[in-house]
Amino acid sequence: MSVQAQPVSRPATRREVAVTFDDLPVISVTRGDLASHRAITQRLLAGVAARGIPAVGFVNEENLIADGVTDPARVELLREWLKAGFELGNHTFGHLDLHATPVERYEDDVVRGEPVTRGLLGSRGLPLRYFRHPYLRTGTSLATKRRIEAFLAGRGYTIAPVTVYTEDYLFAAAYDRAELRGDQRTARMVADAYVPYVESQFEYYEGLSRRLLGYEVRQILLLHSNTINAERFDELARMLEQRGYAFVTLERALADEAYATPDDYARPEGISWLQRWALSRCHDEAFLDGEPAPPPFVQARSGVGVEGRLIRWWTRLRALRRHA
């Protein structure tokens, strides 16, 4: 089943990108308090709004819960997105993994993730029209994939694909852990490495698009509502402008004819739609070679691997000592 988008058209020669953020209102491995979430939201929205970027934020309504009930103050963070002129979409209630969840429960979680978001949009005369799968996992069988697609279409959703995927969450985790233990040098190193890494991802996906489609698709960028983007979004946006990108709506990006390409990908990995299309066209996995990885020091300091576990232990120990 293809992503539905009208009208269908090939992009102009300029580069275009739609910017999207997942896991609203905020996702962090160390900062769960409302004050931190408010500060992250305000800084991130200021950076996006300063350039007039028409972003879409995908909400996990579980992130609005505090002490077992929906927290009006956290709902207000979503309202700030709308006040800034951005759109909201559904990312399921609890960020469930379709590949590890019974289909019926997954469908229930989609519905459970609607009330607050739909109400906020409705108060402004806007529909809830976009859905994004957590982990970009869309089904390991075509039967499951088609069932979920039909379910989402029946509730009025357009699936929001991704062409430029980044592991920004590793940078955010490494940055947050460094800040928690008072390691400003590491925090700065992680932040300084972030935008160059994202640029390398764009270089990879631009090249993949040219090899696969013969032109550069209107890209859809996946980021997260987290600390690293609050800190470095302005630099990231400047980088994209220097690469010749104009920021467009998700609707405009989906009008690119590539998004009408049949999506028959049904494998365990959640990957870019460019990679899905390549595999669906019977290219072997070697066709996808060359995707950059975050620097090893970022991966370790994010908590990944043996070194990462040691860093997590040391971070917790330092935090306990400060609060003793």
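A crossing of two helices is right-handed if the near helix is turned clockwise from the far one by less than a right angle. The model I am reading is a predicted one.

**Entry: H3 and H5**

I looked up how these two helices sit against each other. H5 covers residues 142-154, and its axis comes within 11 Å of the axis of H3, with a crossing of roughly 25°. Angles under 35 degrees count as roughly parallel, so H3 is roughly parallel to H5. I then listed the residues that meet. From H3 they are Val-103, Glu-104, Tyr-106, Glu-107, Val-110 and Val-111. From H5 they are Thr-144, Arg-147, Ile-148, Phe-151 and Leu-152. I sorted this contact into 7 nonpolar, 1 polar and 3 charged residues.

**Entry: the whole chain**

I stepped back to the chain as a whole. Its secondary structure comes to 12 helices and 10 strands. How much of the chain is buried? I found that buried residues make up 54% of the 324 residues. The chain exposes about 13,700 Å², and carbon and sulfur atoms supply 52% of that area. I also checked how far along the sequence the contacts reach. Of those between residues at least 6 apart in sequence, 82% join residues at least 24 apart.

**Entry: H1 and its partners**

I took H1, residues 34-49, and began with H8, residues 227-242. Their axes are 8 Å apart and the helices pack at an angle of about 30°. That angle makes H1 roughly parallel to H8. The crossing of H1 and H8 is left-handed. On the H1 side I noted Ile-40, Arg-43, Leu-44, Gly-47 and Val-48 in the contact. On the H8 side I noted Thr-227, Asn-229, Ala-230, Glu-231 and Phe-233. The contact of H1 with H8 divides into 5 nonpolar, 3 polar and 2 charged residues.

Next I looked up H2, residues 72-83, whose axis comes within 10 Å of that of H1 and crosses it at roughly 0°. That makes H1 roughly parallel to H2. H1 brings Leu-34, His-37, Arg-38, Thr-41, Leu-44 and Leu-45 to this contact. H2 brings Ala-73, Arg-74, Leu-77, Glu-80 and Trp-81. The residues divide into 6 nonpolar, 2 polar and 3 charged. I marked Leu-44 of H1, as it is listed in the contact with H8 and also in the contact with H2.

I went through the backbone with one rule in mind: most residues other than glycine have a negative phi, and most peptide bonds are trans.

Which peptide bond is cis? I found the one from Leu-24 to Pro-25, with omega near 5°. Pro-25 is in the loop between strand S1 (15-24) and H1.

His-95 is not a glycine, yet its phi is positive at about 55°. I located His-95 in the loop between strand S5 (87-90) and helix H3 (103-112). Is His-95 buried or exposed? Its relative accessibility is 18%, so it counts as buried, the cut-off being under 20%.

Cys-282 also has a positive phi, about 75°, without being a glycine. Cys-282 lies in the loop between helix H10 (273-280) and helix H11 (296-302). At 73% relative accessibility, Cys-282 counts as exposed, because exposed means over 50%.

Technical notes: Residues numbered from 1 in each chain as written. Predicted model: local features only at pLDDT ≥ 70, side-chain atom pairs only at ≥ 80, totals over all residues. Heavy atoms only, no water. Axes fitted to C-alpha atoms, helices over the stretch in contact; angles between N-to-C directions. Helix = DSSP H or I, 4+ residues; strand = E, 2+ residues; numbered from the N terminus. Parallel < 35°, antiparallel > 145°, perpendicular 65-115°, else oblique. Contact = heavy atoms within 4.5 Å. Nonpolar A, V, L, I, M, F, W, Y, C, P; charged D, E, K, R; others polar. Buried < 20%, exposed > 50% of the residue type's maximum accessible area, 1.4 Å probe, protein only. Areas by Shrake-Rupley, 256 points an atom, 1.4 Å probe, with all protein chains shown as cover.
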